[in-house]
Amino acid sequence: MKAFKKRGALTHFQILSEISKQDPHLKQKDLANTLGITIQAVSENIKTLIELGYITSKDGRSPYKITQAGIDKVKKDAISLRKYSDSVLETMNHYKTIWPAIATEELKKDDIVGLYMEDGVLYAHKKEENATGLVLDDAEEGMDVSLTNLTGLIDMSVGEVTVIIVPTIKDGGSKACDLDLIKNVYDKGTNTGEPIDKVAVAGTVSRAVVKKLGIPIDIEFAAPQATANAARKGLNVIAICVGDMSKAFTRELEAEKIKFNIIDGAK
């Protein structure tokens, strides 16, 4: 939106728009209240607009009158603003109504497909599901497909999280960890016996532990938030964190109402 790139350009537009209403009693105080800026700022902007030839005023005081050049300026900027707003609205509408999924078979435009979630990923196929969508473009098997008109509910259970707290480096670090316990928890899975889908780590000691145990790291940045997000999508997560870092995980999980249990990973 080039018209408003210069500093103060939007304020100029607003002041000119108010003055164009031809209120003979319009004061700088009124403009300040309307625009949410100081009277001093209004005064400085009016001086600039007078110098640019967009408004006229006797001794810099009201009544202010907009010139033809000012009218042309407002029209031009208003058109620019409208075009920008229209493009933003079009983008937002497009964003809200089109969803991506992975096609599990070849799909054609206008196919009605069933939707299901697996390992945190949305899939589309021609089989019947509780949720459906309309295919917008042809898609090959295994590729992304754009969908619209989503209806129904996607069958998706919430995963569980196991938080293992390991000692800080001051308390011995990885040397003070019960590595057999941690490996057993990972191999055993959740309390209900389901396998662990993702492993999250927070802290250097945690990295050292999983590396020593040969456990792959799936989540390492913004781990508490990413862990909760993965669990919301039905994934079971084991989160290995150092000391008080566990508090960030429990806060996030409690806020999202996700089931979790905490295990002390020290010897």
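## Exercises on strands, loops and helices

The bridge partner of Ala131 in strand E7 is Gly152. This is a predicted model, where local features need pLDDT of at least 70, side-chain atom pairs count only at pLDDT 80 or more, and totals for chains, interfaces and linings use all residues. Residues are numbered from 1 along each chain as its sequence is written, and side-chain values use heavy atoms, leaving out hydrogens and water. Helices (H or I, at least four residues) and strands (E, at least two) are DSSP runs, numbered from the N terminus.

**Exercise 1.** Find the neighbours of strand E6 and decide whether E6 is largely enclosed or open.

*Solution.* Two strands pair if DSSP finds at least two bridges between them. Start with strand E4 (residues 112-118): four bridges join E4 to E6, and the two run antiparallel. Leu115 stands opposite Ala131 of E6. Next take strand E7 (residues 144-152), which pairs with E6 over four bridges, again in the antiparallel sense. Now check burial. Buried means under 20% relative accessible area, exposed over 50%, partly exposed in between (1.4 Å probe, protein chains only). Four of the five residues of E6 (residues 131-135) are buried, so the rest of the structure largely encloses this strand.

**Exercise 2.** Is Glu128 buried or exposed?

*Solution.* First place Glu128: the residue sits in the loop between strand E5 (121-125) and E6. Then read its relative accessibility, 78%, so Glu128 counts as exposed. As a distance check, its C-alpha atom is 14 Å from that of Met117, 11 residues apart along the chain.

**Exercise 3.** Describe the surroundings of Asn236.

*Solution.* Asn236 lies in the loop between helix H7 (223-232) and strand E10 (237-242). Its relative accessibility is 4%, so Asn236 counts as buried. Contact means heavy atoms within 4.5 Å. Leaving aside residues up to four places away in sequence, Asn236 touches several residues, including Gly159, Thr190, Pro195 and Lys198. Glu194 is one of the residues touched, and a polar contact of 3.0 Å joins its side chain to that of Asn236. A polar contact is a pair of N or O atoms within 3.5 Å; within protein, one must be able to donate a hydrogen and the other to accept it, and residues adjacent in sequence count only if both atoms are side-chain atoms.

**Exercise 4.** What is the phi of Ala222, and where does Ala222 lie?

*Solution.* Recall the background: most residues other than glycine have a negative phi. Ala222 is not a glycine, yet its phi is positive, about 50°. Ala222 lies in the loop between helix H6 (204-213) and H7. At 52% relative accessibility, Ala222 counts as exposed. Asp110 also has a positive phi, near 80°. Asp110 is in the loop between strand E3 (99-103) and E4.

**Exercise 5.** Work out the order of strands in the open sheet and find its edges.

*Solution.* Four strands make up the sheet, in the order E9-E10-E8-E11, with parallel pairing. Strand E9 (198-202) and strand E11 (260-264) stand at the edges; each has a single partner strand, so one side of each lacks a neighbour in the sheet. The twist averages 20° from one strand to the next. For a close-up, take E9 and E10: five bridges join them. Ala200 stands opposite Ala239 in E10.

Note on methods. Axes are lines fitted to C-alpha atoms, for helices over the stretch in contact, and angles run from 0 to 180 degrees between N-to-C directions.
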